[in-house]
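Dear colleague,

Please find the structure below, handed over for your own work. My notes on what was found follow it.

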Amino acid sequence: MPKVVDRAERQREIAGALLTLVAREGIEAVSIRAVAAEAGISAGAVQKYFSSKEELLREAFDLTGLILVERWRGLDTTGPLLDVLRRHILAALPLDAQTRSELLVALAFTVQAATRPEWAEKLREDYAWTRQVTTEFLQHGQDNGDFRTDLPAAALAELVIALTEGMANRMLHTAPGGEVHTSLLQSLDLALRELVTPR
């Protein structure tokens, strides 16, 4: 009997190949043919699932979100809440080839979303979810006395998200382990303490 291929699974595999390609060669290397070669299948096989580079990018963007959530779920959540928050932020930063490729795909998607209303709506939904879970975590910290209470948790969440995105964009252009990279991580720790610790 011929093998039954799960469509969603194959789409994820192809999107994963795109991420691998981006990690090695950059977002400009992405094409149907290049992704097919990376996945070990024909370009025609890729086009059975994605008719364009843009559709591939959309799927890869969805995959980066799933990967990040999986990474968050695997984090150690014991110890001071400030440390837990820091671990979650670090998990979203481009600290290696994998996370760097995820950020490159997310940025490429964001640029395209400026002129694609349905993609912009996807970004708004993702931000709303991120804002909600961050607010709930910070509210928990406020209730426990771990975080400052002179700002609403929702406002504090927006600041934490902005800090994370700003650091991610800066680190994208620095070599992991290098002097600038290390300095940025130290600045992140300082900014996070100043931002959330009780007044």
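**Overall architecture**

The chain holds nine helices and zero strands, where helices (H or I, at least four residues) and strands (E, at least two) are DSSP runs numbered from the N terminus. Read from the N terminus on, the order of elements is α-α-α-α-α-α-α-α-α. Please note that this is a predicted model, in which local features need pLDDT of at least 70 and side-chain atom pairs count only at pLDDT 80 or more, while totals for chains, interfaces and linings use all residues. Residues are numbered from 1 along each chain as its sequence is written, and side-chain values use heavy atoms, with hydrogens and water left out.

Taken along the principal axes, the C-alpha atoms of the chain fill a box of roughly 65 × 35 × 35 Å. Of its 199 residues, 39% count as buried; buried means under 20% relative accessible area, exposed over 50%, and partly exposed in between (1.4 Å probe, protein chains only). The chain exposes about 11,000 Å², of which carbon and sulfur atoms supply 55%; these areas come from the Shrake-Rupley method with a 1.4 Å probe, and for residues only the protein chains shown count as cover. Among contacts between residues at least 6 apart in sequence, 62% join residues at least 24 apart, a contact being heavy atoms within 4.5 Å.

**Helix 5 and helix 9**

The axes of helix 5 (residues 81-91) and helix 9 (residues 179-196) come within 11 Å and cross at roughly 135 degrees. Axes are lines fitted to C-alpha atoms, for helices over the stretch in contact, and angles run from 0 to 180 degrees between N-to-C directions. Helix 5 is therefore oblique to helix 9; angles under 35 degrees count as roughly parallel, over 145 as roughly antiparallel, 65 to 115 as roughly perpendicular and the rest as oblique. Helix 5 passes helix 9 in a right-handed crossing (clockwise; a left-handed one has the near helix turned anticlockwise from the far one by less than a right angle).

On the helix 5 side, the contact is made by Leu-82, Leu-85, Arg-86, Ile-89 and Leu-90, and on the helix 9 side by Leu-185, Leu-188, Asp-189, Leu-192, Arg-193 and Val-196. These residues divide into eight nonpolar, no polar and three charged; Ala, Val, Leu, Ile, Met, Phe, Trp, Tyr, Cys and Pro count as nonpolar, Asp, Glu, Lys and Arg as charged, and the others, Gly among them, as polar.

The buried residues of helix 5 are Leu-81, Val-84, Leu-85, Ile-89, Leu-90 and Ala-91. They pack against helix 4 (53-73), helix 6, helix 7, helix 8 (153-171) and helix 9.

The crossing of helix 6 past helix 7 is left-handed. Phe-109, Thr-110, Gln-112 and Ala-113 in helix 6 meet Trp-119, Ala-120, Lys-122 and Leu-123 in helix 7. By class, this contact has five nonpolar, two polar and one charged residues.

Lys-122 lies in helix 7 and is buried, with a relative accessible area of 17%. Leaving aside neighbours within four places in sequence, Lys-122 is in contact with Arg-58, Phe-61, Asp-62 and Phe-109.

**Gly-44**

Gly-44 is placed in helix 3 (residues 43-47) and is partly exposed, at a relative accessible area of 41%.

With kind regards
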